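Reader: Please take a close look at a single part of this model. Then place that part among its neighbours.

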Amino acid sequence: YQIALDYNEINNNKKAIEYSNKAIEAYSQLIKNSQNPAEFYLKRGRVYNFLWQISADNPKTNDPKSQFSKEGFADIEKASEIAPNNPAIWEEFGGLYASAGQFNKAIDYTKKAIELAPKNSDYVASLLMYNFFIGINTINTKIGGLEDAEQGYSIQELKSVLETAFDIETIEKYRAKFQNDTQIEFIYHSYKMTIAMFIAMF
């Protein structure tokens, strides 16, 4: 599978597809021979979804389900049935829904991963990024565009709206818990810069 990813990086789609199919064959054999195949269902599901993304014959539509393959989603569901306490499975679900633009669902699944692995800063970073995208969507809905914001909000009110939309309380909580974590620090400052940018427009 890593070879497929490497070929995709250099835009060799044909080879990426070839090695993805080889990975699927290998994981299928491992699933067949394993007494605890959850890990291999998860890995095969990732490959199915990767293959779906790079295949030109699979048109992506506004339907979120078109963003990942039925086989890949089914594999990850199967993994979750076998090993519901594996946080990587729930994180994978979160990533799938995020790629489809369903950030609320992505957050729900990522929170499950964090409950099972509360010290995993990668999962927390994913959660904070999904919160960030929800914040952007909330701002667009609540403020209704910059012109409306200019007319209807003071600077202080706008700041409050922005901090609520971006759920600053949550990121500050995790920032305190994971002190000096590079990913979380980067996301925190991205939040702050985005809020400052909106305020500076007025």
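Author: Start with burial: a residue is buried under 20% relative accessible area, exposed over 50% and partly exposed in between, using a 1.4 Å probe and protein chains only. The model is predicted: local features need pLDDT of at least 70, side-chain atom pairs count only at pLDDT 80 or more, and totals for chains, interfaces and linings use all residues. Residues are numbered from 1 along each chain as its sequence is written, and side-chain values use heavy atoms, with hydrogens and water left out.

The part to look at is Tyr 123. Tyr 123 is located in helix α7. Helices here are DSSP runs of H or I with at least four residues, strands are E runs of at least two, and numbering goes from the N terminus. Its relative accessible area is 11%, so Tyr 123 is buried.

What does Tyr 123 touch, leaving out residues up to four places away in sequence? The partners are Pro 87, Ala 88, Glu 91, Thr 110, Ala 113, Ile 114 and Ala 117. A contact here means heavy atoms within 4.5 Å. One spacing is worth noting. Lys 112 sits 11 residues from Tyr 123 in sequence, and their C-alpha atoms are 9.8 Å apart.

Setting aside residues up to four places away in sequence, Asn 131 touches Ile 107, Ala 165, Asp 167, Thr 170 and Tyr 191.

Some of these partners lead to helix pairs. Two packed helices are described by the angle between their axes and the distance between the axes. Axes are lines fitted to C-alpha atoms, for helices over the stretch in contact, and angles run from 0 to 180 degrees between N-to-C directions. Angles under 35 degrees count as roughly parallel, over 145 as roughly antiparallel, 65 to 115 as roughly perpendicular and the rest as oblique. A crossing is left-handed if the near helix is turned anticlockwise from the far one by less than a right angle, and right-handed if clockwise. For residue classes, Ala, Val, Leu, Ile, Met, Phe, Trp, Tyr, Cys and Pro are nonpolar, Asp, Glu, Lys and Arg are charged, and the others, Gly among them, are polar.

Take α10 and α11. Thr 170 and Tyr 191, both touched by Asn 131, fall within α10 (residues 168-177) and α11 (residues 182-200) respectively. Those helices pack at about 150°, with axes 10 Å apart. The angle makes α10 roughly antiparallel to α11. Their crossing is left-handed. On the α10 side, Ile 168, Ile 171, Glu 172 and Arg 175 take part. They meet Ile 184, Glu 185, Ile 187, Tyr 188, His 189, Tyr 191, Lys 192 and Ile 195 of α11. By class, this contact has seven nonpolar, one polar and four charged residues.

Between α10 and α11 is a loop, and Asn 180 lies in it. Asn 180 is not a glycine, yet has a positive phi of about 65°. With 70% relative accessible area, Asn 180 is exposed.

Asn 11 shows a positive phi too, near 65°, and is likewise a residue other than glycine. Asn 11 lies in the loop between α1 (2-9) and α2 (13-33). Its relative accessibility of 70% means that Asn 11 counts as exposed.

Now return to the partners of Tyr 123. Pro 87, Ala 88 and Glu 91 are among them, and helix α5 covers residues 87-99. The axes of α4 and α5 come within 9 Å and cross at roughly 150°. That makes α4 roughly antiparallel to α5. The crossing of this pair is left-handed. From α4 come Phe 73, Ile 76, Glu 77, Ala 79 and Ser 80; from α5 come Ile 89, Trp 90, Glu 92, Phe 93, Leu 96 and Tyr 97. The classes are eight nonpolar, one polar and two charged residues.

Helix α4 (residues 70-82) also packs against α3 (residues 38-54), with axes that come within 7 Å and cross at roughly 160°. Thus α3 is roughly antiparallel to α4. This crossing is left-handed. The α3 residues include Tyr 41, Leu 42 and Tyr 48, and the α4 residues include Phe 73, Ile 76 and Ala 79. By class, this contact counts eight nonpolar, three polar and four charged residues.

Last, the whole protein. There are 11 helices and zero strands. Of the 202 residues, 43% are buried. Among contacts with a separation of 6 or more, 58% join residues 24 or more positions apart.
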